[in-house]
Amino acid sequence: MAAALERACPGEAPLAVAVSGGGDSLALLLAAAARAEASGPEVSAVTVDHGLRPEAAAEARRVAAICATRGIPHETLVWQGWDGRGNLQDAARQARLRLIAGWARERGIGRVALAHTRDDQAETVLMRLARGAGVDGLAGMAPERRAGGVTWLRPFLDISRADLRLYLEACGQDWIDDPSNDDRRFERVRVRQALDLLRPLGIGAAGLAATATRLASARAALEAATVEAAARLVREEAGDLLIEAGGLAALPAEIARRLMLAGLGWVSGAAYPPRARALETTLAALTRGPRATLHGCLLQRAGGRIRIGREPAAVAGLSCAPGSLWDGRWRLSGPEGAEGLEIRALGEAGLAACPDWRAAGLPRTTLIASPAVWHGGGLIAAPMAGQGKDWSAAVNCSFTAYLLSH
């Protein structure tokens, strides 16, 4: 356990451990605590109570008690956002990551360890295989990824669930078995049970996890090729992307697909990419006409380039205070001290108040979807349209940085 932690979580920076009270996360907690006692990085623990089971609050208190006996700072976060619609497990997972990321950022903790095991990796691969996933999906869960302003680490992806239970027994620590782990309403439970049936055929957790590792190497090669293609073919302009259409058409289909998906993700800020069929349909529409919409983005083809910009309708209702990120990526800077200001899309009305907007050399659609400073119904500044010299606007993350982090 110590070696796996050292490989995945090197250095002395503080480390947080997400602990549910189940065997996997408790094993991770104890291993991290042992490492901290041996002059390793400072460790904190966090538990999310989703409020979905009556026992959850008691389980969180039990984790807090275990942490207290070891002098580990612990906090329980409560989620109350389930409205009874959609995929419960996915909604709970998204909420859990969002809550933990916010908690970690507030405390200056940049790394959060998750206790996914080799068995979890195998189950993930099987679920994605059932959905017809490609290289990215079958590469499974990454041992490290950046999201929500923190780095998420999975140090136990090469360790079996059974080995973690043996470790807990050696430590004299019991654990809680979540009854939902046996509830066949959930896909992961059905897949876990299917693995037992596949094992006599030689299809087991170790083999599936090894396949995910090999596909992760293939994914890394594809990502490197995509970054290289982007450096040649893509240019940023006022929050839009300009892609050379001829160069895009000459790329291998998989690299072109990845480049377009990355462009749509960067412009829209969406957590998930559009479906493959939707992308194919949109690109086909661009061959028949000058524009198409997808994923909250407006795609326009002109002058040998494809421009990916924000769809004006997608940002029409967004607002935030100056200094905050607007649309998840724009930050505006200007004079301090002004009250009652908000950042909203420029829109048609705002553009009409910018008589010199054509001097900016940007398409009308780009400007309409760009951020502007408003005071009630009055336009104060529209940096992209050249209105209000005291204000500037910049995208928080470049497309290149986005590619490298995704």
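How many strands form the open sheet, and in what order?

**Entry 1: the sheet.** I found 6 strands in an open sheet, ordered β3-β2-β1-β4-β6-β5, with mixed pairing. I took strands as DSSP runs of E with at least two residues and helices as runs of H or I with at least four, numbered from the N terminus. Two strands count as paired if DSSP finds at least two bridges between them. β3 (74-78) and β5 sit at the edges, each pairing on one side only. From one strand to the next the twist averages 30°.

**Entry 2: ground rules.** I am working with a predicted model, where local features need pLDDT of at least 70 and side-chain atom pairs count only at pLDDT 80 or more, while totals for chains, interfaces and linings use all residues. Residues are numbered from 1 along each chain as its sequence is written, and side-chain values use heavy atoms, with hydrogens and water left out.

**Entry 3: strand β6.** I looked at both partners of β6 (residues 150-153). β4 (residues 111-113) pairs with β6 in the parallel sense over 3 bridges, and A113 has L153 as its bridge partner. β5 (residues 144-147) pairs with β6 in the antiparallel sense over 4 bridges, with A147 bridged to V150. I also noted that β5 and β6 make a hairpin with 2 residues between them, and that G148 in the turn has a positive phi of about 65°.

Which way do the side chains of β6 point? V150 and W152 go one way, T151 and L153 the other, and all are buried. For buried I used under 20% relative accessible area, for exposed over 50%, and for partly exposed anything in between (1.4 Å probe, protein chains only). I jotted down the background too: side chains in a regular strand alternate between the two faces of the sheet.

Entry 4: I checked α2 next: it covers residues 23-37, 15 residues in all, and reaches 21 Å from first C-alpha to last, close to the 21 Å expected at 1.5 Å a residue. (The expected span is 1.5 Å times one less than the number of residues.) Since 12 of its 15 residues are buried, α2 is largely enclosed by the rest of the structure. Among the buried ones I listed G23, D24, S25 and R35. α2 lies across β1 (15-18), β2 (43-49) and β4, running at about 160° to β1. After α2 comes S39, with a positive phi near 70°.

Helix α4 (residues 88-106) lies across β1, β2, β3, β4, β5 and β6, at about 145° to β2. For these angles, axes are lines fitted to C-alpha atoms, for helices over the stretch in contact, and values run from 0 to 180 degrees between N-to-C directions. Contact means heavy atoms within 4.5 Å.

**Entry 5: what α5 packs against.** At what angle do the axes of α5 and α9 cross? I found that α5 (residues 118-130) and α9 (residues 205-233) have axes that come within 8 Å and cross at roughly 70°. That makes α5 roughly perpendicular to α9, a label for 65 to 115 degrees (under 35 is roughly parallel, over 145 roughly antiparallel, the rest oblique). R118, D119, Q121, A122, V125 and L126 of α5 touch A205, A206, L208, A209 and A212 of α9. By class I got 8 nonpolar, 1 polar and 2 charged residues. Nonpolar here covers Ala, Val, Leu, Ile, Met, Phe, Trp, Tyr, Cys and Pro; charged covers Asp, Glu, Lys and Arg; polar covers the others, Gly among them.

The second pairing is with α8 (residues 187-198): the axes of α5 and α8 come within 9 Å and cross at roughly 100°. So α5 is roughly perpendicular to α8. In α5, D120, A122, E123, T124, L126 and M127 meet E187, R188, V191, R192, L195 and L198 of α8. This contact divides into 6 nonpolar, 1 polar and 5 charged residues.

Entry 6: Which residues have a positive phi without being glycine? A238 does, at about 55°, in the loop between β7 (234-237) and β8 (240-244). A238 is partly exposed at 22% relative accessibility. H295 does too, at about 60°, in the loop between β9 (291-294) and β10 (297-302). H295 is partly exposed, with 25%.

Last, I looked up E169 in helix α7 (residues 161-171). E169 is exposed at 51%, and its C-alpha is 9.7 Å from that of A27, 142 residues apart along the chain.
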